[in-house]
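Reader: I would like to learn how to read the features of a structure like this one. Please give the general idea each time, then the case at hand.

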Amino acid sequence: MEEFMDANPINPSRFTEQEIDAAIDNVSPGFSGDMKVDAELVADDLAQKRFDKEFYDLDQKQQMDLYDEALEGLADQKRDMPDPEDFA
């Protein structure tokens with residue numbers, strides 16, 4: 001837990017962008033294409049890293065916080081992707 005607190009000096013209760021990107025890469029083979037479902041998969045990975053627990057074993061506040069971080073991370077990655085129309 002102490003290792004996590006040192007990870008993001010700006011806001012130690014949140015994961016760094018690199019940690020969220022790593023979680024996204026870790027679970028991306030199981031992505032469904034539905035942003036909400038994919039965010040839940042990423043949030044589960046983050047729960048394992050932060051609390052060493054399953055996502056659904058956390059209280060509702062912790063679940064919402066992790067889900068928010070996961071959804072923001074996915075949205076950031078999607079925003080950075082080129083538009084497929086540009087390749088047509």
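Author: Start with contact, which means heavy atoms within 4.5 Å. Leaving out residues up to four places away in sequence, Leu71 touches Met35 and Ala39. Leu71 and Met35 are 36 residues apart in sequence, yet 7.5 Å apart in space, C-alpha to C-alpha.

Reader: What should I know about the model and its numbering?

Author: This is a predicted model, in which local features need pLDDT of at least 70 and side-chain atom pairs count only at pLDDT 80 or more, while totals for chains, interfaces and linings use all residues. Residues are numbered from 1 along each chain as its sequence is written, and side-chain values use heavy atoms, with hydrogens and water left out.

Reader: How many helices and strands does the secondary structure of the chain come to?

Author: Helices (H or I, at least four residues) and strands (E, at least two) are DSSP runs, numbered from the N terminus. Here the chain has four helices and zero strands, and its elements run α-α-α-α from the N terminus on. Leu71 is found in helix H4, and Asp76 is placed in helix H4 too.

Reader: How many of the residues of the chain count as buried?

Author: Buried means under 20% relative accessible area, exposed over 50%, and partly exposed in between, with a 1.4 Å probe and protein chains only. Of the 88 residues of the chain, 27% count as buried. Leu71 counts as partly exposed at 29% relative accessibility. Asp76 is partly exposed as well, with a relative accessible area of 35%.

Reader: Which residues of helix H2 are buried?

Author: In H2, residues 17-27, the buried ones are Ile20, Ala23, Ile24 and Val27. They lie on the same side of H2, because they cover an arc of only 100 degrees around the axis; the arc is that of the directions from the helix axis to the C-beta atoms. Gln18 and Asp25, on the other side of H2, are exposed.

Reader: At what angle do the axes of H2 and H3 cross?

Author: Axes are lines fitted to C-alpha atoms, for helices over the stretch in contact, and angles run from 0 to 180 degrees between N-to-C directions. The axes of H2 and H3 cross at roughly 120 degrees and come within 9 Å. That makes H2 oblique to H3: angles under 35 degrees count as roughly parallel, over 145 as roughly antiparallel, 65 to 115 as roughly perpendicular, and the rest as oblique.

Reader: Which residues make the contact of H2 with H3?

Author: H2 contributes Glu19, Ala22, Ala23, Ile24, Asn26 and Val27, and H3 contributes Leu41, Val42, Asp45, Leu46 and Lys49. By class, the residues of this contact divide into seven nonpolar, one polar and three charged. In this scheme Ala, Val, Leu, Ile, Met, Phe, Trp, Tyr, Cys and Pro count as nonpolar, Asp, Glu, Lys and Arg as charged, and the others, Gly among them, as polar.

Reader: Is Leu46 buried or exposed?

Author: Leu46, in helix H3, counts as buried at 0% relative accessibility. Not counting residues up to four places away in sequence, Leu46 touches Phe15, Glu19, Ala23, Leu66, Glu69 and Ala70. Leu46 and Ala23 are 23 residues apart in sequence and 6.6 Å apart in space, C-alpha to C-alpha.

Reader: What is Phe31 in contact with, leaving aside its neighbours within four places in sequence?

Author: Phe31 is placed in the loop between H2 and H3 and is partly exposed, with a relative accessible area of 26%. With those neighbours left aside, Phe31 is in contact with Ile24, Asp38, Leu41, Val42 and Leu74. Phe31 and Leu41 are ten residues apart in sequence and 7.8 Å apart in space, C-alpha to C-alpha.

Reader: Which residue has a positive phi although it is not a glycine?

Author: Asp52 does, with a phi of about 55 degrees. Asp52 sits in the loop between helix H3 (35-51) and helix H4 (60-80). Asp52 is exposed, with a relative accessible area of 63%.
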